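Subject: A structure for you to look at

Hi,

Here's the structure I promised to pass on. Have it open while you read, and click on the residues as they come up.

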Amino acid sequence: MRYKKVGMLALASIMTFIGMGSSSSVSAQGPALKVESFAGSGNFGEEGGEALSSSFRSPKSILVLEDGELLISDSKNHLIRLIEDGQVSNYAGNTLIQDEAGLPAGTWFDGGIEEAVFNQPNGLALDHEGNIYIADTQNHSIRRISPSGEVTTMAGKGVMGNRDGQGEEAQLNAPSDVAVALDGTVYVADTLNHAIRKITKDGYVTTLNTPSDRLVEVTPGQTSSAGDFQDGSLSKAKFNEPTGLAIDPKGNLYVADTGNQRIRYIDFEKNTVTTVAGSNSLAYGEKELYVEGGYKDGAAKQAQFHFPKGMVMTKEGGLLIADSLNHTVRYLFEGQVTTLAGSAGVHGDIDGGNEKALLHMPSDVAVSKDGKTIWVADTYNNKIRKISYLPTVEWYGVGGGYYVAKSSSIKYETPSKSKLAEVKSGKKVNWGKTQLKSGQIGRITVLSSTPLYKLSKDGKEFIVQTRTLNAGEEFRVYNFR
């Protein structure tokens, strides 16, 4: 089975409402977003078949294929699984080898997709020729599945280390993610080497940044190597357990610098590394391996994360982030970080809208080809979750509007106008000919309370808020088309 590369995907037709309260964090409100289980019963197992009856063991990464199928790195089953037409099956790897507890055991073996063996596979990527790349974490290697179904090792050979070189002569240490550039260059988040590695098309591995030499005394008399932090020149930059990668349209690289609780950006033309999200005021404690994690939405440079991991870009240039220990999905767009799903610091397995839904250690995110669905590798719930948008109305030209159940007044702002309007019972605020272009933001301020909030498009009404909106509340409206 041959798959073509899926390009940058849009969060199409999305309009989310972000409540702006006194809290320093911002969370999605109302039933505009819906989180539901898509695959996995939650049991720790390897059953295939109907998606919701299947089982996984710590799914770590998601890859969207050309026809909408999903590949899942099922890490503790040491398998690559396929979700197609509502069914889960094994795509590559096998579980014939078991440990003393009777659980699947990983090892290293190349060959056909049914005979190859992996050891806790993690990040997945696809090139334009249909090759699938796998960060085979506990084999300390990068594996490749050809369109014809042959599994080969591109770099590393089952032995941890830190050495540049050709193919299997190179050594890595627990690589967590891979990303492929248009020219076929493969980038690797070499996690426990605290490094970003580059693999040329002919298989030569080099290190792009300066590995950390920081040592931490974790207990009296016992030291451990640890990552470090430094922006600036790429060759001198330092990372702390990078685990997620995403390439932008320019061919530059976003890095989830997990142990530094930051999102970094590698500009290959300038050969620089900068921090694009996460507070630069955070620092290491005297005996700390990692920067202390936190949670805060808002301006990107003041935002806080707690072990950010897998990421995916949207067509608009935004970045979806699996914020693993905050148990949330975050979105970085135009210098702002918002939370799309999950409740910060609270884990669980609950479907529902926005922050009412609970995740447990999400490790990766992906976007469907039509841009209307976000997929989440909900690792500790052993599930693949689906975040979709309930029937929404685009605020995009004449016809969009707001209904209220009784007399009220609101103020609405768009990039080009600001207007205070009195709204009578059952009447609509007409936005005139103002349009929100892709990525632009409008804002509504409720000046007096109103018990019902609706939107309308093409003569159809959708209830978006059913609770009372209090005077002074603000809502920001995004258009991502």
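Below is what I found in it, grouped by topic.

One thing before you start: this is a predicted model, so please keep that in mind throughout.

**The cores**

Let's begin on the inside. The largest nonpolar core has 17 residues. Leu 320, Val 329, Val 365, Ile 374 and Ile 387 are the ones with the most contacts inside it. Which elements give two or more residues to this core? They are β2 (33-39), β27 (319-323), β28 (328-333), β29 (336-341), β30 (362-367) and β31. The largest share comes from β28, with 3 residues.

**Salt bridges**

Side chains of opposite charge can pair when their charged atoms come close. The count here comes to 19 salt bridges, and I picked out a few for you.

Arg 81 pairs with Asp 74, and their closest N and O atoms are 2.6 Å apart. Are these two buried or exposed? Arg 81 counts as buried because its relative accessibility is 0%, and Asp 74 is buried as well, with a relative accessible area of 0%.

Next, have a look at Glu 168 and Lys 157, where the closest N and O atoms are 3.6 Å apart. This pair links distant parts of the chain, 11 residues apart: Glu 168 is in the loop between β13 (165-166) and β14 (175-180), while Lys 157 is in the loop between β12 (150-155) and β13. Glu 168 is partly exposed, at 34% relative accessible area, and Lys 157 is partly exposed at 43%.

Glu 36 and Lys 34 form a salt bridge too, with 3.9 Å between the closest N and O atoms. Glu 36 is partly exposed at 25%, and Lys 34 is partly exposed at 32%.

You'll also find a network of salt bridges that links Asp 349, Asp 351, Asp 378, Lys 383 and Arg 385.

**A charged residue without a partner**

Arg 262 lies in strand β23 (residues 262-267). Arg 262 is buried yet has no salt bridge. What you can find is the backbone oxygen of Ser 279, 3.1 Å from a polar atom of the Arg 262 side chain.

In the model, residues 171-202 are 0% helix and 50% strand, and the end C-alpha atoms are 16 Å apart. Residues 232-269 are 0% helix and 50% strand, with end C-alpha atoms 13 Å apart.

**A tyrosine in a loop**

Last stop: Tyr 380, in the loop between β31 (373-378) and β32 (383-389). Tyr 380 is partly exposed, with a relative accessible area of 48%. Beyond residues up to four places away in sequence, Tyr 380 touches His 360 and Met 361. Tyr 380 and Met 361 are 19 residues apart in sequence, but C-alpha to C-alpha they are 5.6 Å apart in space.

How values were computed:
Residues are numbered from 1 along each chain as its sequence is written. This is a predicted model: local features need pLDDT of at least 70, side-chain atom pairs count only at pLDDT 80 or more; totals for chains, interfaces and linings use all residues. Side-chain values use heavy atoms; hydrogens and water are left out. Helices (H or I, at least four residues) and strands (E, at least two) are DSSP runs, numbered from the N terminus. Buried means under 20% relative accessible area, exposed over 50%, partly exposed in between (1.4 Å probe, protein chains only). Lys and Arg count as positive and Asp and Glu as negative; His and the chain ends are not counted. A salt bridge is a side-chain nitrogen of Lys or Arg within 4 Å of a carboxyl oxygen of Asp or Glu. A polar contact is a pair of N or O atoms within 3.5 Å; within protein, one must be able to donate a hydrogen and the other to accept it, and residues adjacent in sequence count only if both atoms are side-chain atoms. Contact means heavy atoms within 4.5 Å. A nonpolar core is a set of buried Ala, Val, Leu, Ile, Met, Phe, Trp, Tyr and Cys residues joined through side-chain atoms within 4.5 Å.
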